Amino acid sequence: MTFTVAAYAAQSATSPLAPFSIPRREPGPTDVKIDIQYCGVCHSDLHFVRNEWKFSAYPLVPGHEIVGRVSAVGGKVNKFKVGDVVGVGCMVDSCRTCPSCKEGLENYCEAGSTFTYNGPDKHGTAAMTYGGYSKVMTVDQDFVVKVPGNLDLAGAAPLLCAGITTYSPLRYWGVGKGQRVGIVGLGGLGHMGLKLAHAMGAHVTLFTTSPGKVADANRLGADEIVISRDEKQMEKVGNSLDFVLDTVSMAHDLNPLINALRRDGTLCLVGAPEHPHPPLMVFPMLFKRRSVSASLIGGIKETQEMLDFCGKHNIVSDIEKIPMSGINAAYERMLKSDVKYRFVIDMASI
Ligand code: NAP
Ligand code: ZN
Ligand code: ZN
């Protein structure tokens, strides 16, 4: 059984997002039905809408930073009740049986996790899953998380992707007191990485291409700020950092960032540009046993842990609320690095 919901979709890689109706399933035994209140706007939404990663399927309804209220639950749901404030991130299902799923790393499911949008819909409600740029969604309870009551709900939405995508590598690489950490790019992911690394007790250096963001970077917790297009400033920070998290959405030269690492330091890429980065030089890595790695969102258990950490430290995203009809203009601003620091769609406006 399905019902129809108002949404915004892209019909092709070159068409703007526009109103569209989508089917959703009535809750099955383990499903939770959610009235979506806010949905964050991730740069991945833009990459998908414009088919920059070359695996988009249309119509495409983006959105994977979803918060809302439970409006109905299936008969076997035991984690949530009607009225609960909940979140849904980048995944709505996974195989649940592979070693990665068993370790709580559904994001690395060996059969491929079901993404919240643009993933084959296992329930057959539509060919592909549809995301959070919509009024209502139905999700299995195992892929729903609780939003701490003290957090502003609109500001909490971006935690579901920008928050977990930066929290997970910071935790995996053991970032904490006494560590010197770099965050590259002050956008949606970058400003969350900055807040989280600061809250974890690290000394944080923020790399930005936008001199106009310096005051904000200080306010958000940066101990040092480097204008990454200034070679002198880049040289000065050489050999100094234990861990660098790169959140940049466009291809750029990674070699100066590798030079900023100390011996045994790691550069972790979470930004996922359309085009490859310029080639990596081996010698700067070789002479200091430096690593280059990457990280994909985070598991469900870790997403809950991140939300609880944010609840405890009162961390939410700095947001600009927009109506659903403002989405295409928001994408254009995102491309100009003009986001402070996450757009969040108010779903009451759809
Ligand atoms: P965003 O809000 O647009 O921020 C990206 C920032 O990168 C910009 O604000 C800008 O910061 C910097 N930047 C842009 N163009 C640049 C260039 N040519 N050279 C250097 N810096 C540049 O994007 P986002 O939502 O944070 O997402 C960032 C990337 O992460 C996207 O590619 C997205 O798809 C990816 N992502 C990956 C995962 C994952 O699981 N790995 C999850 C979510 C998103 P400054 O103005 O400070 O320079
Ligand atoms: Zn995202
Ligand atoms: Zn799996």
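The side chains of Lys195 and Asp318 meet in a salt bridge, 2.6 Å from N to O. A salt bridge here is a side-chain nitrogen of Lys or Arg within 4 Å of a carboxyl oxygen of Asp or Glu. This is a predicted model: local features need pLDDT of at least 70, side-chain atom pairs count only at pLDDT 80 or more, and totals for chains, interfaces and linings use all residues. Residues are numbered from 1 along each chain as its sequence is written, chains are lettered from A and ligands numbered from 1 in the order in which they are written, and side-chain values use heavy atoms, with hydrogens and water left out.

**Two domains**
- The domain assignment gives domain 1 (2-161 + 298-349) and domain 2 (163-294). Such bounds come from an automatic or database assignment.
- Their centres, taken over C-alpha atoms, are separated by 27 Å.

**The interface**
- Contact (heavy atoms within 4.5 Å) joins 26 residues of domain 1 to 26 residues of domain 2.
- The two domains bury about 2,200 Å² between them, 57% of it on carbon and sulfur atoms. Buried area is the accessible area (1.4 Å probe) that two parts lose on being put together, summed over both.
- The rule finds four salt bridges across the interface of domain 1 and domain 2.
- Helix 1 (43-49) and helix 10 (300-313) are the elements that give two or more residues to the side of domain 1 that touches domain 2. Helices (H or I, at least four residues) and strands (E, at least two) are DSSP runs, numbered from the N terminus.
- Helix 10 gives the most to that side, with seven residues.

- His64 sits in the loop between helix 1 and strand 4 (66-73), and Cys161 in the loop between helix 3 (153-156) and helix 4 (162-172), 97 residues apart.

**Backbone features**
- Most residues other than glycine have a negative phi, and most peptide bonds are trans.
- The peptide bond from Tyr58 to Pro59 is cis, with omega near 0 degrees. Pro59 lies in the loop between helix 1 and strand 4.
- Lys340 and Tyr341 are joined by a cis peptide bond, with omega about -20 degrees.
- Asn51 has a positive phi, near 55 degrees. Asn51 is found in the loop between helix 1 and strand 4.
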